[in-house]
Amino acid sequence: MWDKLNAHHESVAARRFETLFDGGRAEDFSVRVGDMLFDYSKTNIDAEGRALLIELLERADVAGRREAMFSGAPINETEGRAVLHTALRNINGEPVTVDGQDVMPGVRETLERMEAFAADVREGRFTGQGGRITDVVNIGIGGSDLGPAMATLALAPYHDGPRCHFVSNVDPADIAGVLRGCDPATTLVIVASKTFTTIETMTNARTAKAWMSETVSEPAAQFAALSTAADKTADFGIAPERVFGFEDWVGGRYSMWGPIGLSLMIAIGPRAFRQFLAGGAEMDRHFRAADWSENMPALLALVGIWHNQVCGHATRAVLPYDNRLSRLPAYLQQLEMESNGKRVSMDGAELSVQSGPIVWGEPGTNGQHAFYQLIHQGTRVVPCEFLVAARGAEDDLHHQHQLLVANCLAQSEALMKGRTLDEARAKVADKFSGDELERQASHRVFPGNRPSTTLAYPELDPATLGRIIALYEHRVFVEGAVLGINSYDQWGVELGKELATGLQPVVEGRESTDGKDGSTAGLVNFLRQSGM
Ligand code: F6P
């Protein structure tokens with residue numbers, strides 16, 4: 001199948017995709033879910049290319065795998081686990097069974113416990129030693145940080161609860177900076193860790209406990225835990241009524257829909273959190289039911305596969321023209337790169353095509369004044385994924401929002417159309433002539449023919465954010481299923497963790513650098529001599 005796709009690519013690679021627009025293309029190469037629109041018409045995918053890409057899905061039995069996921073089969077084969085983050089948002093849906101047991105009653109019960117606790121914190125029934133909670137500090141890393149931190153920022157206009165802060169890095173600068181602005185007597189600390197063993201999180205949690213115990217007589221009473229490891233949360237001293245558990249069929253980077261979303265729920269309230277879940281569930285229903293040619297997550301995935309595995313573009317830029325989505329690229333880096341950055345397929349054989357792409361990005365318009373130069377005129381093609389809302393939350397500044405939208409649309413147009421040498425000459429013909437005109441004009445040429453997609457929606461409300469995140473989750477699923485890899489394990493993070501554990505006594509000077517490679521030993525020695 002890859003051969004067929006490569007042959008098709010070869011036959012169309014030289015054409016300008018702008019010429020494909022025939023009056024119906026924008027409609028034909030876009031898809032809607034509710035009031036959200038995904039436009040992939042500014043790419044070199046034509047009807048034949050799309051049909052071949054859909055054939056790829058069919059040959060990989062993505063539909064069968066999709067049903068296996070939704071029905072609780074252990075598709076995370078290397079860890080023998082089901083993959084059921086979708087159950088966390090299936091609040092009004094059908095039963096979901098794992099090993100013959102319906103998991104939905106447990107999901108609903110935990111959600112209701114979270115809601116009761118969030119309401120108590122927000123309404124002042126749960127207090128600190130100094131009274132009503134003013135600040136919530138979520139301590140977690142990776143999936144126990146990026147999801148709730150991204151979403152809490154994204155939904156800032158919906159905040160009516162205490163201030164929420166996120167500490168993730170073991171760098172003391174992170175926790176010190178956050179705690180400096182909090183009063184221990186009115187702070188709730190949430191330790192978010194699926195395993196409750198992650199060294200960064202446990203180190204920060206102990207630091208926060210020590211900070212609180214300087215002024216608060218019962219610090220553990222102002223701690224809550226989000227984890228699958230009830231024994232370990234008990235060892236840390238957190239009472240069971242403030243422990244919100246989940247099962248191992250929720251992967252860390254897919255976990256913000258359940259207890260890991262507690263800080264978000266406290267910030268925006270249980271009602272808005274349910275709207276977020278409902279948006280995710282709407283995307284799930286669409287993903288399960290829509291034909292591939294109308295299926296938004298599948299099409300987003302196929303565009304990704306076309307650009308990465310077929311055209312050979314190694315990276316993709318995620319460019320939200322929505323400042324509150326400024327953490328979305330970081331969130332997607334974990335979601336996509338930890339899920340699909342794998343070199344072997346499920347059976348252990350090396351992949352015959354590239355694994356998932358390098359994901360990066362920043363919000364527009366800031367990026368325009370930084371790295372867009374390379375996107376427009378560099379030698380590499382970077383497929384761009386724009387996100388834009390029709391309205392912002394600042395009604396009184398709507399004219400600024402319109403300027404933002406104009407910039408977003410202008411970028412995708414510029415990437416497609418570019419500027420020819422003749423057009424560039426015309427731009428500077430009044431200033432230069434002869435050889436100098438040629439030289440100056442060449443710098444002003446934009447090759448164009450650079451692909452982009454746009455995801456557009458009325459406004460960034462909780463339900464829309466839920467749809468967006470579920471959309472990307474399913475995109476990752478489809479891309480992983482086509483590659484035949486396990487998108488739900490992350491063995492690639494282990495080696496560095498093991499070596500860090502071994503290096504700690506060396507760094508502390510309790511063990512020598514004997515046996516270390518010359519570079520590592522040299523760096524340890526330099527840092528020790530420099531005051532470490
Ligand atoms: O090291 C990677 C990872 O395991 C991620 O997959 C996960 O989201 C993160 O660490 C945090 O893990 P935990 O929630 O168990 O602390």
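## Strand pairing in the parallel sheet

Strand 7, residues 135–139, and strand 9, residues 187–192, are joined by 5 bridges and run in the parallel sense. Within this pairing, Ile-139 is the residue opposite Val-191 of strand 9. The model described here is predicted.

The two strands belong to an open sheet of 5 strands, whose order is 8-7-9-10-11 and whose pairing is parallel. The edges are formed by strand 8 (163–167) and strand 11 (243–245); each of these has a single partner strand, so one side of each has no neighbour in the sheet. With direction ignored, neighbouring strands of the sheet are turned against each other by 20 degrees on average.

## Helices packed on the sheet

Helix 7, which comprises residues 172–180, packs on the sheet and touches strand 7 and strand 8. The direction of helix 7 makes an angle of about 165 degrees with that of strand 8.

Helix 8, residues 199–213, also packs on the sheet. The strands touched by helix 8 are strand 7, strand 8, strand 9 and strand 10 (223–227). Relative to strand 9, the direction of helix 8 makes about 160 degrees.

## Annotated active-site residues

An unreviewed UniProt entry carries the annotation "active site" for Glu-338, His-369 and Lys-497. These residues are spread over 160 residues of sequence, and in space they are also spread, with up to 36.7 Å between C-alpha atoms. Of the annotated residues, Glu-338 and Lys-497 are included in the lining of the largest pocket.

Glu-338 is located in helix 13, which spans residues 328–340. The relative accessible area of Glu-338 is 21%. Because residues count as buried under 20% and as exposed over 50%, Glu-338 is classed as partly exposed.

When neighbours within four places in sequence are left aside, Glu-338 has contacts with Arg-253, Gln-333, Asp-489, Gln-490 and Val-493. With Arg-253 there is also a polar contact, made between the side chains of Glu-338 and Arg-253 at 2.8 Å.

## Position of Lys-497

Lys-497 is part of helix 19, residues 494–507. The relative accessibility of Lys-497 is 47%, so this residue likewise counts as partly exposed.

Technical notes:
Residues numbered from 1 in each chain as written. Predicted model: local features only at pLDDT ≥ 70, side-chain atom pairs only at ≥ 80, totals over all residues. Heavy atoms only, no water. UniProt positions renumbered as here; feature names shortened; annotations may be inferred. 1 Å grid on protein atoms, 1.4 Å probe; cavity = no way out; pocket = protein on both sides within 12 Å on 5 of 7 lines; lining within 4 Å. Helix = DSSP H or I, 4+ residues; strand = E, 2+ residues; numbered from the N terminus. Buried < 20%, exposed > 50% of the residue type's maximum accessible area, 1.4 Å probe, protein only. Contact = heavy atoms within 4.5 Å. Polar contact = N/O pair within 3.5 Å; in protein donor to acceptor, adjacent residues only side chain to side chain. Pairing = 2+ DSSP bridges. Axes fitted to C-alpha atoms, helices over the stretch in contact; angles between N-to-C directions.
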